[in-house]
Every structure is written in C-alpha cells, then in structure tokens.
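Morning, everyone. Please have a look at the model on the screen. I'll take it piece by piece.

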Amino acid sequence: MLDAKIPEGPLDHVWTDYKGHCKLVNPANKRKMEIIIIGTGLAGASAAASLGELGYKVKAFCYQDSPRRAHSIAAQGGINAAKNYQNDGDSVFRLFYDTIKGGDYRAREGNVHRLAEVSVNIIDQCVAQGVPFAREYGGLLSNRSFGGTQVQRTFYAAGQTGQQLLIGAYQALERQIALGNVKMYNRHEMLELVTIDGKAKGIIARNLVSGELERHSGYAVLLCSGGYGNVFYLSTNAMGSNVTAAWKTHKKGAYFANPCYTQIHPTCIPVSGEHQSKLTLMSESLRNDGRIWVPKKQNDTRKASEIPEEERDYYLERRYPAFGNLVPRDVASRAAKERCDAGYGVGTSKQAVYLDYGNAIERYGQIEAGKKGIANASAEDIIAMGREVVKEKYGNLFDMYEKITGENPYEVPMRIYPAVHYTMGGIWVDYELQTTVPGLYSLGEANFSDHGANRLGASALMQGLADGYFVIPYTIGNFLADEIRNPPTSVDHPAFIAAQKDVEERINRLINIKGKTSVESFHKRLGKIMWDKCGMARNAQGLQEAISEIRKLKEEFWSDVRIPGEVKEMNFELDKAGRVADFIELGELMCIDALQREESCGGHFREEHQTEEGEALRDDENFMYVAAWEYKADHDWQLHKEELKYEIVKPTARSYK
Amino acid sequence: MTWKQMFTSSIGQKLTMALTGLFLITFLIVHVGLNACIWANDGGQMFNTGANFMSSMLVIRIMEIGLFAGIIIHVIQGLLLFFENKSKRKIGYAIEYGERGSKWYSRSMGLLGTLLLLFLIMHIYHFWVPSRLGGMWNIKPLEEVDYTNGLGKQYHNLYAEMINVFQNPIVVILYVLGCISLAYHLMHGFESAFRTIGVHNNRYLKMLRYVGRGYSIIISIAFAMMPISIYLGWIR
Amino acid sequence: MEHYNMNLTLKIWRQKDAKAKGGFETYQVKNISSEMSFLEMIDVLNEDLITEGKDPIAFDHDCREGICGSCSMYINGKPHGPWKATTVCQLHMRAFKDGETVVVEPWRANAFPVIKDLCVDRSAFDRIVQAGGYISVNTGNAVDGNAIPVDKDKADKSFAAAACIACGACVAACKNSSAMLFVSAKVSHLALLPQGEPERKTRAINMVAQMDKEGFGSCTNIGACEATCPKEIRLTNIARLNAEYLSAALTIDKEN
C-alpha cells in the first residue's frame, strides 16, 4: 500500500499545521541550491517564479521558443476560487465537496481540501500581478457558472483566461530571470532523469536548435510538463504537448497513477476529415447559454433550421433536469456519444450534435428590447439585438468557430463533438507533491492528485497555480532542509555520463532505423487504437486487443520509422519521434490500467459496468484506490495501490438528475 | 534617464520629429494667412505691408532663425530615422507587404519629405534670398521690384517678386507639385505628430484626424492657388 | 460553404541553419481540401517530402488554435496570410483558389534572425519583458482581489492589450521592423491597472530602451501592424506608450 503522507488531524487544519511545522531552508543555503523545473505552463512558471523569489537558483526548461507559449495559454473558460463574492453560498468546503464529487470519489481528500483553501489566494495573487480579469461596472471582479456546480465561482478573462493567467506567471518568471534567480532554457527538451542513490539529481536535456545534449544537476527536479492527451493523436492539446519528460521519470522509478483517467471534453469542433491534425475546444462556458440537441428522428438529413421545435431532442435537459446542459464534462460527453452511436448524430460525419444559440439570442433580444423600452419590436429586431449580446459575451468563440468550419454560428447551430482534452492521471505524488523518487516532484496536470476520475471545468488552472505558487514553495523546503549537508552534484558524476550515453544511444538508434514510415503515421495509428478502444467507452475485449495492437505497433515503429535529417541540428521529426515512442509505451499502460479497473468512474467508462439507464456504475467496494504503476521492464508493470479514505465526504452515486 | 538617452531613443527621436513638425505646421498657418493677402487684389498693398511688418519685427526675425533650425532638425532627424529604420531589415521580403492597414503616403514620408526639401530650396531661392539678402542672386534687377512704403522707406517688393516668378509656367507647375507633396506629407504628419506626443484618447484622435485632413487640404490648396491665380492673371 | 479540392504551387523559403544562405524552393501539392488549415496543408507537403527522403520544412507551431503565438509565416506578402485577425494555424485553405501560387517566407527583421527554414528567434520579446513587463509582486503578498476596484473601461482596455500573443506579426508587417505594437500592448496592459502604477515610469523607459537595443525600428504610425495583428491590438496603444514614455522621461528624477 502506498502512503500519501497526509498529516494527521482535522482536514481543515492539516495544511495550516503543515505550513507551521515544515522544515525551512535559510536564505544563505537557498542561494546555493539549484532546482530544475521542466515545463513553463501555469505550474512550472509559477513554481519557477515563486522559488526564484525565495532565493533558490532555478533552471527552467521548455521546448517552446518562449516560456509564454506553454499550452496552459489555451485554456479558455476560467479559474475556480471559493471567494463567495456572489453571495450564493460558496465556501472552501463547497469547492472541496464539488471537486471530490465531480472527481467521482477517486481523488484524495487531503489534497483537494488544500486546493480549495489556496484557491482564494490564487485570485488575489493574480489580481496583484495585473491579470485583467473580467469586472463589473462597480470595478469588482465578475464571476460566471461552469459545469458541475450550482454556484458562480469561476473567474475569467473573456475566453482567454488561461492566456492571462499564464502571462501573469510568465511575467513573474521573466522578472526572476532579469534578477538572475532563474535561468531559462528555451527550445530544450528533457530526455532523461539522472538519479544517484535513488534520488533525483539532475537531467539530460537536448538543445532543440543545435541538437547537443546537456547535463544539468540540481538538488531537486520539478516535473511540470503537462498532460498526455496527445497519446490519442487528435486532442485539444498543443502539437508539442508530450509525455516524454514524465515518461522518462516513470522509467527511472516514479510511479504513474491512474493513467486511464482521461477527460473527454463535450464541446469541441468535430473532425472534418482525414487531414485533421488537432481538435479545437469551444469553451464550456458556451453551455451556459447554448442548448444541446439532436433530431428525434434517426438519420435525419434535414437542415437544423428545417427541424421543428417538437422534433428536437434536448437530451441533456431531458435526462438531467437538475443540471440540464451544465452537467459535468464526462456525463455530457458520454450522452453525446450515446446519441451519435444510436444514429441521431448530425452533420456529414454524423459524429456531432447541435449546440444551439437560437433560444439564447431570442431571450437576450427580448431583454434588450425591454431595457430599451421597445414594446413591439419585430422578430428581426429582437434577433439582431440578441445577436449583439451574444457577440459581446462569446464573440471570439463564435469567430473561431466560423474560421474553422466556414459556417456562421449566429445563423446556424454549431456542431460539436467530444474530444480528448485533459488527463487526470499522471505521475503519482504524495501530499508534498513528491513522487516515489526522492527529490523529484510533479506539479499541475503532470501529476495525478486532485481531480480523481474527472476534472471539473475551471479547475485545471486552479490546480496548476495552487501547486506552483502555494504548495511547492513550502513542501520543497521540507525536503531540501535535509539536503543542505550534501554538496552539489557534479555533472561529471558517472551517473550523468551514463545517462547521457543512454540518451545518445537511443537517439542514434532512432535516426538509424531509416525505415519507410513517417512518425506522424505511427502517431495517427496509435491515436486510432486508443480512441476506438480506450476512449470514451471501454470494454475488456477491446482493451486486450488494444494492448496487443500497441505492442505490434511498437515493434513496427522501432523497425520502420523514418526520420530525415541529422541528430546535431534542429530536427522536428526527431523530436516528434522520441515523443511518439514514449506515447506508444504509455498507451499500453493506459490500456492495462483501464483493464484492471473493473468499474466505471468519471472519465473511465467500462461498458460492462453501467446501470440500465446507461449511467456509470462505480464499485467503491473494490476500486476505491489509486492505481499507481511501477515500471519493471518493457511491457511489465507492477500495480501499487493507494487506498482512498473518505473522512468528510461520503461517497454516493453521483447524480445530476 | 539623461536628456541624451531620451532624445536618442526611438521614441525621443520621433518626439523631435513631432515637435518640429508641429512647429512647422503652425508656421504654415501664419505663412498662408499672410500670403492670402495677395487676393485682396490691391496691387500688393496689403500683402507687402504684412510682409514688411514681419520682416521688421525683431521677434519675428528671431523666430525665423528658429524656423530654419526647425526645418533643418526636422530634415536631418527625418533622414536619420529613414535610413536607420530601413537598416532594421537587412534581408527583405520577396513579396512586398503592400497596402493593408496603411496609406501610400504614410509609408512614403521620407520620399515626400525629400521632395518638399527640394521644393523648399527652390522656394527659398525665389523669395527668401532676394528679400533678405537683397538680391544677391536675384533674377531681376533690384530697382524693378523694390517698393517704397508710406514713410518713404524702401523695401523689397515681395509682391512684385511673386508676380514676376509665377509668370513662368514651369515654376507654377513645380509649385503645384510641391503643394501636392505638402498635402500628403501633412495628411500623415499632422495626426502622426499628435500620436507621437502621446494623444491616445480616441475622441481626440478622431477629432484630430478630421482637423488634420482639413488642414492639409485647405493649406495646400490655398498655397497652390497662389501661383495659379497669378499665372492666370486673376490678380495683378 | 462549398467544399472543394485544389492543387497549389508553393514557393517556400528554405534555410538549413542560422548561418546558411537560404533560398526559395518550389513544391507542388495536390488535392488539398478547402477544409484544411494552412499548417495541415504544410503537414501534407512534409509527409510527401519525408516519403521522398527529403528534409521536411521546419516551422514553428504548437497550439494550432491561435493563442500560443508560435506560428509565424509570411504568406503572399502578409504575416499570417490574407485573413484578418487570424494566425496561420487558423487560416484555412478556403482562402485559396485552385492553381494558385503561394509564397511563404519567414518573419524578416534583424531582431528576428532565421534559425531554420521558417523558424525565427523571437527571444528579443522575452528580453523586452524582462526589462520591465511585469508587476513586481512576490507570491503571498497580495491583498484581497476585490480590495482594489478597477474602472471597468480601463480593465477592458487593459485586457484588450493583454490579448497580445507575442507572435511578432507586427514586426514582420512593419516597414521599419518596429516592435512598438508589442511593447505598447504590454505597457498599456499594466499602465491601465492601478496595480501597475508604482513601476509605471521605469517600466516604460526600460522596456523602450531594451526594444531599441534589440534592433527594432521606430514607429511611424502607419498602421500596418494593427491591420495584421491576429489579436487586433489597437494602434492607440502605441500612442499611449508614447505618452507613458514621454511623461516618464520628462519627470523621472534620476540619471540612470
């Protein structure tokens, strides 16, 4: 049994007590201690900035050409915080409760409570940094509601909240760079973790411009490298988002937890053809005003406008009257898939449902007419006024939809379909965010800790920043305080030399395969296996097939991949090949994990385990644990379980009816 | 921050352009106002009185030095910026960026300015040199264009000089072309100067845009009409 | 909208590395769907090149949803191509007709040296931010988020400026290779908020000094940047930066 090392005591005091008692490092010693941070998204940038402010010597790495381009930037909707500015009954406890419930009772109470506690500090910190959140006319912060909750606790900056938060963290990071506390390595990729006597002591990184390998040593390594949704090839992740850094640490001893928990986001723009390289999300906030429907008739080929109201099936409102279109993501996604699989899908591919703003436009138009005192406004005027309001609220999203699809969403309903969006699984960490490798920490989406089997909207940004700004600065000191007696590790240590040699050999092996098939086509094939068999719905047979298909794919990859160009140059194909090789190995583990979890919970839906109405059926008796996998050898993992104890929240069947 | 740092920075250099530009814009108002006196059609009485008044005032003479300094600074700073900005893209594009978002005259301030400089040299040679330096390189014998005021004091007869110069159709055409350059130079320069000194309130910017366009067109047409009126004999 | 397929002739700048000379190569692509994004069309070309054993075209891209600011192609004389308020990754092939020739170049400016093919080095932007594009507040010092009310109009303008994605298209479009739109967006974002007030003067002065040092040109207010900006950052921000800079430069009470 794995121990999360959650301190004893009443849950609402645990974090305060921890902060009061954890060990500290004095400023003179901080100056001598180097910390390596992989990734500069919300978690990495906020951690790098905060640790730099504390006086540690930080080295931060990102594969992009600037830390500001990390994929946190693409988050649209918002960030949750238990501020209760709206006086609608929110509290730290409610945010904690909603997150545990939303996570389908597969998250750790201690971590989630801490997350809810620090959520309020995040908003304050971001406002102080100059993040331009949306405001009311009185000058105070504005909130909106989001899926899976009944209070308005989401702070936002139009549809670009992730961008604004990341720029806030990026600016704090750049400030520390200017002050000399942080050294930034752009266009660098971590390719190996160096461990000495079981402790993380540094990394091997490749300079993606020159192709040279570099050794970097440090007292601790922070893995803030994001999620692994790109294992599905098509996802809303950035093209470069990858699991490589995390996977290297996994192979060096860090357990990988709950890899099968993937979040499929319900409101994405559907795939338009074979050429598709990535999927684009439409913010969940669209569900606040939009209504989701399909025709009541199967294989209905009429245009949306030709289908009369009574022949439309608003299936979310029908199935879940209490939450309606605002049910959590996993529920909304599965419901869409269910309708499409049953033959009610729309559009040419039939793999889409309508997200309709017709009603909202009319409703807003009428409100506007009322405000302006126009008693007998014509239908056209009402629609025109309503469109203006909708444009004000969601204009950028509607524009994006039109650019991608060529259709005007003010006139015709948008077509949406679920797509891979976030991975709740990740590197296993304890309460201090330390992995099973001492000195190696994991923050943000890269770890598994806070969202259980399903993440609520607007919680990813919250977790990334909580980990980076408010958790790691305390917990890392608790570890480093005992390390000050050890001298810094030289990069000429045999462990570094050996690690570099391993990386070199692997790269050389890859480039010398000189096969016939491009990296991209392997990635596409992996994605198809994963989506078909380890996607929104899974079953034992499919998963077993997937495992053997992935093993075959791996063999084929390592004997037939073609990577043009040289090692010692900028070579995007080589970068991608290394990442796809790791995705293939991860894909296998995901299927193994999905296979062992004989229940349906959150983003993991096993077709064998559902109610008669098609709702997910959890098995708390046998599966209330975190599945943490230890890498043993190729195709060989050992399962370790961390028991989940619910002291405050009593797990019940999750109902949004 | 030292003064040198300020005035050698990119914005500081633009400030120099804007301030000298606005000074020249103000000067043009005085200039066009005075010259418009030729349309009194009184044989140059009103115009010459004004011109003599200007040239006899000490303050104006001092301002004149400022005017020349302003022109010279505007020209030198402008050319420096032009070449410096050009050097910021050593390897150019195969396909030029083109029109989108900007007007041709906004992109051609260096060219328009150079044309204006050439025009200005001719203009100074025609009028300022004979009136201030007493016909050092005058094109006509001095006695033919001299003018005596009511008190019997002799002045350079600038009006006669004008009538004289604008009998030549080529000169008239060159002056009209100069005025067209001026119009376009001002069309951008007027608004741009205010932006450079930091006017960013949208209401004021909108107003300045219209005022700027009006100013550029009216001033330039007024100036251009002078040689035309004389050449066509509308005034004598 | 009608879907269609097209064949195109592409002329693309190829350059092996920063030191190499570089030049245009001509490629043909066939059966490109009007529903593809521009980058997906380049993906198709790259797949072909790999199959032929040639080096694929290197280009920066990441999020492919118009927000990370990585993509940077100068297409037929326009940074990010012909559409308004669009990044290359959001540009779709229905912008082109069958049989067209498309010329693709990297951003051109001394301050953005080419690293390979269509990739340029934009780290100058990071260094400009390092010079002062932040509010100096350490983690943990903040007062309650609602303790400082912000005028909604200013908050909105600040947000509009903060929407900048630092792609560098403004520099690429500007005949002077000026970075004023980028710098002014950052200065405006922070100057419009009360939180940005304490460092207002030094921020404007230091960021402009760094911008000059990086080798960007000066602004002549022509407006090409505004018309090109995928996030529609307004030219007014530049005027605001001028005001910020000049008032700081005229009133700051220290020599260095």
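Let's start with terms. Strands (E, at least two residues) and helices (H or I, at least four residues) are DSSP runs, numbered from the N terminus. Two strands pair if DSSP finds at least two bridges between them.

Now the ground rules. This is a predicted model, where local features need pLDDT of at least 70, side-chain atom pairs count only at pLDDT 80 or more, and totals for chains, interfaces and linings use all residues. Residues are numbered from 1 along each chain as its sequence is written, chains are lettered from A and ligands numbered from 1 in the order in which they are written, and side-chain values use heavy atoms, without hydrogens and water.

First, the sheet. Chain A has an open sheet of five strands, in the order 6-2-1-10-18, with parallel pairing. Strand 6 (182-185) and strand 18 (440-442) of chain A stand at the edges. Each has a single partner strand, so one side of each lacks a neighbour in the sheet.

Next, one pair. In chain A, strand 1 (residues 34-38) and strand 2 (residues 57-61) run parallel, joined by five bridges. E34(A) stands opposite K57(A), in strand 2 of chain A. C-alpha to C-alpha, K57(A) and E34(A) are 4.6 Å apart in space, yet 23 residues apart in sequence.

Is K57(A) buried or exposed, or partly exposed? Buried means under 20% relative accessible area, exposed over 50%, partly exposed in between (1.4 Å probe, protein chains only). K57(A) has 41% relative accessibility, so K57(A) counts as partly exposed.

Last, chain B. I170(B) lies in helix 9 (residues 169-196) of chain B. I170(B) is exposed, at 55% relative accessible area.
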